[in-house]
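Open the model in your viewer and keep the sequence panel beside it. The tour below goes stop by stop, with something to select at each one.

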Amino acid sequence: MNNREQFLESLKQAGEQAVREKFNLGGYGEKRLIIQEFLRKFDDARQSESENRTIETADKNLQIANSAKNAAWVAAGAAFLAFIISIIALLK
């Protein structure tokens, strides 16, 4: 295991929050680029999770919209049928 791998392993053991706090306070000196890469992986994972939730929400909203559309068609059909029945009743 080389120095970079050892350093990354120590970051993993410290945990994202501790690394982020030390980084934000100006810690890690010349290794800040490595830290940025390390933290970017967490940010990317969070972004991906957020995008997945957004897609799932959009899918659910589409299902709801389709159900509402179907219910509207049924209601329109019932109204049309009632209209036809009332016309027939008036003609008799």
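A residue counts as buried under 20% relative accessible area, as exposed over 50%, and as partly exposed in between, using a 1.4 Å probe and protein chains only. This is a predicted model, in which local features need pLDDT of at least 70 and side-chain atom pairs count only at pLDDT 80 or more, while totals for chains, interfaces and linings use all residues. Residues are numbered from 1 along each chain as its sequence is written, and side-chain values use heavy atoms, with hydrogens and water left out.

**Stop 1: Ala76**

Select Ala76, which lies in helix 3; helices here are DSSP runs (H or I, at least four residues), numbered from the N terminus. Ala76 has a relative accessibility of 40%, so it counts as partly exposed.

**Stop 2: helix 1 against helix 3**

Select residues 3-14 for helix 1 and residues 32-91 for helix 3; the two pack at an angle of about 50 degrees, with their axes 11 Å apart. Axes are lines fitted to C-alpha atoms, for helices over the stretch in contact, and angles run from 0 to 180 degrees between N-to-C directions. The angle makes helix 1 oblique to helix 3 (under 35 degrees is roughly parallel, over 145 roughly antiparallel, 65 to 115 roughly perpendicular, and the rest oblique).

Which residues make the contact? Show Arg4, Phe7, Leu8, Leu11 and Lys12 on helix 1, and Ile34, Ile35, Glu37 and Phe38 on helix 3; contact means heavy atoms within 4.5 Å. By class, this contact of helix 1 with helix 3 has six nonpolar, no polar and three charged residues. Nonpolar covers Ala, Val, Leu, Ile, Met, Phe, Trp, Tyr, Cys and Pro, charged covers Asp, Glu, Lys and Arg, and the others, Gly among them, are polar.

**Stop 3: the aromatic pairs**

How many aromatic pairs does a search of the whole structure find? It finds two, where rings of Phe, Tyr and Trp (its six-membered ring) pair if their centres lie within 6.5 Å, and planes under 30 degrees apart count as stacked, over 60 as edge-to-face and the rest as tilted.

Select Phe7 and Tyr28: the ring centres are 6.1 Å apart and the planes at 75 degrees, so this pair is edge-to-face. Phe7 is in helix 1 and Tyr28 in the loop between helix 2 (16-24) and helix 3, so the pair ties together parts 21 residues apart in sequence. Phe7 is buried at 14% relative accessible area, and Tyr28 is buried at 18%.

Next select Phe38 and Phe42, an edge-to-face pair with 5.1 Å centre to centre and 70 degrees between the planes. They are four residues apart in helix 3, and therefore separated by about one helical turn. Phe38 is buried at 6%, whereas Phe42 is partly exposed at 31%.

**Stop 4: helix 2 against helix 3**

The axes of helix 2 and helix 3 come within 11 Å and cross at roughly 130 degrees, so the two helices are oblique to each other. This crossing is left-handed. Finish on Glu16 of helix 2, which is buried at 16% relative accessible area. Leaving out residues up to four places away in sequence, Glu16 touches Leu39, Phe42 and Arg46.

Terms used
A crossing is left-handed if the near helix is turned anticlockwise from the far one by less than a right angle, and right-handed if clockwise.
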